[in-house]
Amino acid sequence: MRKMWIVIKREYAQVVKKKSFLIGIFLTPAIMALMMVVPALLAMKKPAGTEKVAIIDLDGQQLGERFAEAIKKYKLDDSSPAYQVTGIYNASPDDSLQLFSLKRDLDSLIQSKDLRCYMIIGQSAESRDSIILVAKSFSFRTSNRFERVISDILSGLRLEKSNINLDVDSVLHLTRKVALIEQSPGGKERDFMTIYIGGLVFVMLIFMTAIGYGQVLMRSVIEEKNSRIMEVLVSSVSAFQLMAGKIVGLGMASLTQVAVWIVIGVGIYSFRSDLNIRGDIAGMVFNPVFILFFIIFMILGYIMYSTLFALIGSICNSDKEAQNYIFPITMALLLPVFLAMYVIQEPDSPVVITLSLIPFFTPTMMIMRLNILSGDAFSLSNPIVIEAILGVLITLLTTIAVIWVTAKVFRVGILMYGKRPTFPELVKWIRY
Amino acid sequence: MNEYLRLEKITKAYDGKIAVDQLSLVVPKGAIYGMLGPNGAGKTTTIRMIMDIIAPDTGEIIVEGKKVNQDFKDRVGYLPEERGLYKKMTLLEVITYLAEMKGLTRQDAVKKIDGWLEKMSLGEYKNRKVEELSKGMQQKLQFITTLIHDPDLIILDELFSGLDPINIELVKGILLDEKRAGKTILFSTHVMEQAEKLCDYICLINRGKLVIDGRLSEVKSRFGKNSIQVELEGDSAFVKAIPGVENVTEFNNYVELRLSPAADSQEVLRQISEKVKVKRFQLMEPSLYHIFIDVARAKPEDFTAPEGASHA
């Protein structure tokens, strides 16, 4: 035990002392934070000003004026108007020269940034299905608002001209569009992006610890084989102690990293309103039961996969040789990412349930499903909880089996230089 | 003879090929014990079994009357045949780490390091990375890591491989110091000449089996034969025909003649000097190399030949 502890300390120090560790520990969340904060900051700056809008009205029914009046209801955060109509140009539809020069003038205003956009309301607009909006770039929000406002105005106009003897406002009220809000059974409002990004974040955390540190482990085994120091080591500790020491030492390094990330994440989350980050993404699923499952799956997954990496390292002589073996592990871990769309839509389909209970897929698949299905309803009556517990047991048993096999192969493999063992040879080592 | 280490009929087979076959040995306490044999004789496998790196299929390894266990590892200094250290660690870090793995506390290790580095004239490299050292320096460093924890038993696999002549002398001096301090030293080599100068006891192993073992002087008198070295001018081909000469080994500037037990060396000298000018004539102790060839009926190709030698 004491010797294993010495191995643990060295492996931990070797990783943590490296510059790449410090860079990774701060750069990764920095990049993630940037990805969340920068758009927020940009979004904060841009619409700070009132957008200038012009209207060319070829229809002659004061539609331009009505539109200008209607969009006054949109306000900025500081309650100043979101849009300012700089001009309503009533032009004759027959005078194409006038229209042409008008458009040219407005275009040049847009180019010189004196105008955000202008709308062209065509002749007999109410019988048309489209209105033109000219701008250098379009914001989703503005287009949506304008579409809504002009639709309402034109619907009103159509109603007036029809023979239906009804109050325009009440018809508009009757035909108003309804917004669909998606909620999970627990009553939490969760939209697609929350589920999708939330699931991916947790899957990627498991993936990065398992693959990232698994590969560090594998390389250190290969390096010790190549530098022939392995034999000195196993003359001091048993092969199993060495392997276990490496797995635990690197596991602690990865936990250090994740812990720092969580601290940074919580920090960003608590300042989210200042930074104008969408709270639903940052605040995803801080549910204690979910976090408990996540930690169990992350640790078990790490042990299972890094043990596999130790196995690969012990039978390979170079990184290059090892790459062939890494591929299937990567695929197994990333399965939920490839199937994300399907898993999110059908988290309870027999195929997805089966996949999430196949040993090497379980950690990431189950976390993905838990993130979708859990909501707030974490009780044993929720089948996903039973399945997750089953998943933990399956992963635990698989991990024990993987450790058993690896311990057998490792002690023979680390002293084999030059050639890689064939599969029958591996089986023989396991039977020793 | 005070026994330190005893192997009892240990056997190890890989894939049906027997590497070590019913091998029994006794290494006396405080002795320098040479395990000799050609490449592939089973020396490394035997040593790995002593170190408990691999387990024997059958047989037992007994140290001071007890079966070996994990604690035994702390009392052994082991230099494997293939040398290597962590290249990215500093000398201080590597030595401390390996010493801690042998049960030394960090403080004790750090205390001892300076003395050893001085002894190996590596003092100025203490905080440099291993990869910055030359090959020869790395070997000295590895030697320090083998001995830093003051082991009772020192096991050196292919001790002389890759060592330059200066380091060989350095290492020999240190091993003799260790011997004086009462340590038991077991080393393997296929270079017989070096072994002869260092060992008290030897064993010869061939194809996994013990061929001879015992005190070096006894082995020599029991199995040795007459041999002479002659340095002469001109063609030496004729010496084979001289009566009493059994075997001729030609080296770059001398020939070694093995004589039949009844032959008279003075008569051989007379016959040679009739034909060519003799620059040097020396009666030799029987060499282990020839004893081995005789007794084990090993083929000379089994050995990496001593430098400069060709076999007639």
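User: Which residue of chain B does A:Arg228 form a salt bridge with?
Analyst: In this predicted model, A:Arg228 pairs with B:Glu82, and the closest N and O atoms are 3.4 Å apart.

User: What is the count of salt bridges between chain A and chain B?
Analyst: Four. The interface of the two chains also has 11 residue pairs in polar contact, both residues being at pLDDT 80 or more.

User: Which element gives the most to the chain A side?
Analyst: H1(A), with seven residues. The elements of chain A that give two or more residues to that side are helix H1 (2-16), helix H7 (192-226), helix H8 (229-234) and helix H18 (423-431). By class, the side of chain A that touches chain B has 12 charged, nine nonpolar and six polar residues.

User: And how much area is buried between chain A and chain B?
Analyst: About 2500 Å², with carbon and sulfur atoms giving 52%. On the chain A side, A:Arg10, A:Glu231 and A:Ser235 lose the most area to chain B, together 21% of what that side buries.

User: Switching to chain B. What is the strand order in the open sheet?
Analyst: The four strands run E2-E1-E4-E5, with antiparallel pairing. Strand E2 (17-28) and strand E5 (66-67) of chain B are at the edges with a single partner strand each, so one side of each has no neighbour in the sheet.

User: How many bridges join E1 to E2 there?
Analyst: Eight bridges join strand E1 (residues 3-14) of chain B to E2(B). Among the partners, B:Ile10 is bridged to B:Leu23 in E2(B).

User: Which strands does helix H1 of chain B lie across?
Analyst: Helix H1 (residues 43-50) of chain B lies across E1, E2 and strand E4 (58-63), at about 120 degrees to E1(B).

Notes: Residues numbered from 1 in each chain as written. Chains lettered and ligands numbered in written order. Predicted model: local features only at pLDDT ≥ 70, side-chain atom pairs only at ≥ 80, totals over all residues. Heavy atoms only, no water. Buried area = accessible area lost by both parts, 1.4 Å probe. Salt bridge = Lys/Arg side-chain N within 4 Å of Asp/Glu carboxyl O. Polar contact = N/O pair within 3.5 Å; in protein donor to acceptor, adjacent residues only side chain to side chain. Nonpolar A, V, L, I, M, F, W, Y, C, P; charged D, E, K, R; others polar. Pairing = 2+ DSSP bridges. Contact = heavy atoms within 4.5 Å. Axes fitted to C-alpha atoms, helices over the stretch in contact; angles between N-to-C directions.
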